[in-house]
Amino acid sequence: MDKKDQEILEMLQDNSRLRTEQIAAMLGLDQKDVANRIKEMEEQGIIVKYHTLINWEKAGEEVVSALIEVKVTPQRGAGFDAVAERIYRFPEVKSVYLMSGRYDLSVLIEGKTMKEVALFVSTKLATIEEVQSTATHFVLKKYKQEGIILEDKEKDRRLVISP
Amino acid sequence: MIKWEEKLSPSVKGIPPSGIRRFFDLVSEMKGVISLGVGEPDFVTPWHIREACIYSLEKGYTMYTSNWGLLELREEIARHLYSNYRVKYEPSSEVLVTVGVSEGMDLALRAILAPGDEVLIPEPCYVSYSPCASLAGGVPVPILTTADNDFRVTAAQIEEKITPRTKALILSYPNNPTGATISQQELMEIAKVVKKHDLIVISDEIYDKLTYEGKHTCFASLPAMKSRTVLLNGFSKAYAMTGWRLGYACGHPEVISQMVKIHQYTMLCAPVTAQMAALEALQNGTDEMLKMVAEYDRRRRLILRGFNEIGLSCFEPKGAFYAFPSIKNTGLSSEEFAERLLMEAKVAVVPGNVFGGNGEGHIRCSYAASVENITEAIERMGKFVQQYSSCREEACS
């Protein structure tokens, strides 16, 4: 990893649809060089996936998400990892973070209805042996996600020509 | 019925309106146009700066400030110039906060020019220098820089134009519209001529932070130059604060005190709201500023490679956010090219001739635009250029 790799990552994180020739031009590199660097970072698992940030609400889809605070009993030999894995394997679970502080795992769950999410927590999550307790917080509104303001009111207001 | 034609000042009537205006009207009427004609950042002011300004309004900072500007801001400007360029200005007598570099330029010219004094102006350059020199009673004397010399003015070119009436030299690097920068070595040569002929230098360094290769040299930092330089700078470009209209002028107390007189009677002071925001920009704005500069640098390379690929020869701009490609091989004048490009390909650029001598045969393209827009604009321009070079070949055969 050098400075150029880091720049490539920053650029792709902001816009994964940038073409290799655009990246090459912007970094003053050869197109082949850029393609190789990207391939290598994909193989190393540094670039995990190219995904698209979607405002589902605007698309008319009802999505319910909830942030669950989970307290767990760490296991001898495996710590939190084993129980985290049991949780993150569920496709309903969108993200899992090990936290410092009051609780241990922060689990983001998405479902179609509140009932669906609540049911998932009570039947799948809370029943795991190592889980001591859960606290469910439903998301009411998403303002900003992954560094992007979802309903950004800032437009290009510049004059089209200026000296 | 009053006959305005007879009543108006001849010296104002004699000034041509900005060449950009007509073009602006044309572009404004059209839809689907990608504009590379904008002379300002495509970022909005970083939020922490806007937030600081909102806080200042909440706290009731709505009053006049000293004619000179807030002392705290002048101190910060002085500190900033010292840490960047090792030039030491006294905040109480050598730093004046102005309404943009535009006002600073006007003040400097009015403070130094006696009727008939000549001002050397390397062109192509920003559109206001020559009209402001005329309005101040001076005589603008253009010096034509060329693409062959990367649009840098040379000491020899300056010396050639010096007459007993020459009072001042305007320098503006990094340059709008060419994107040219100038090295310390070349500035040293210019400094020798300046000293030899006892000239004043007005140095517009508004794009100093937008230098992508090499380091910017502040003209006032050269040996013996501080006392004869009026340094102009501001917040518009580096901190994406164009609409705030805030700049500063630094120089010898003798000249600054004269400039303050004009400023106090015509402007009173720069807006306090903008001054509070500028303070935040200088104190905490470096990180975001550097991010924006890195972004411009990438787009600079993108547009440059684009021009090379579509066969428009372009001198490599090393500063500001403009590229100034030559369109001579299309056989069109700058205005024809810009107008047809707009009508036929829906890309807006600024014809080079509006920036004075040697601008003809070039167009100014701003890369303060999104990557998508730059890519699309280059594609459209490629088709356009191809069409013109092929119909020229047919005409020749």
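**Briefing: strands, helices and domains in chains A and B**

Over five bridges, β2(A) and strand β3 (residues 105-111) of chain A pair up in the antiparallel sense; strands pair here if DSSP finds at least two bridges between them. Helices (H or I, at least four residues) and strands (E, at least two) are DSSP runs, numbered from the N terminus. You're looking at a predicted model, where local features need pLDDT of at least 70, side-chain atom pairs count only at pLDDT 80 or more, and totals for chains, interfaces and linings use all residues. Residues are numbered from 1 along each chain as its sequence is written, while chains are lettered from A and ligands numbered from 1 in the order in which they are written.

**The sheet in chain A**
- A:Leu98 sits opposite A:Leu105 in β3(A).
- Four strands make an open, antiparallel sheet in the order β2-β3-β1-β4 (chain A).
- β2 (93-98) and β4 (131-138) of chain A are the edge strands with a single partner each, so one side of each has no neighbour in the sheet.
- From one strand to the next, the twist averages 20°.
- Helix α4 (residues 81-88) of chain A lies across β1 (64-72), β2 and β3 of chain A, at about 165° to β2(A) (axes are lines fitted to C-alpha atoms, for helices over the stretch in contact, and angles run from 0 to 180 degrees between N-to-C directions).

**The α2/α3 pair in chain A**
- Helix α2 (residues 20-27) and helix α3 (residues 31-43) of chain A pack at about 110°, with axes 8 Å apart.
- That makes α2(A) and α3(A) roughly perpendicular (65 to 115 degrees).
- A:Thr20, A:Glu21, A:Ile23 and A:Ala24 of α2(A) make the contact with A:Gln31, A:Val34, A:Ala35 and A:Ile38 of α3(A) (contact needs C-beta atoms, placed from the backbone, within 7 Å).

**Domains and chain contacts**
- Chain A splits into domain 1 (3-43) and domain 2 (64-141), with bounds from an automatic or database domain assignment.
- The C-alpha centres of those two domains of chain A lie 36 Å apart.
- Chain B splits into domain 1 (8-45 + 287-390) and domain 2 (47-284), and their C-alpha centres are 25 Å apart.
- In chain B, 34 residues of domain 1 are in contact with 40 residues of domain 2.
- α12 (286-309) and β9 (322-323) of chain B each supply at least two residues of the domain 1 side of that contact, and α12(B) gives the largest share, six residues.
- Between the chains, 14 residues of chain A are in contact with 25 residues of chain B.

Conventions: Parallel < 35°, antiparallel > 145°, perpendicular 65-115°, else oblique. Contact = placed C-beta atoms within 7 Å.
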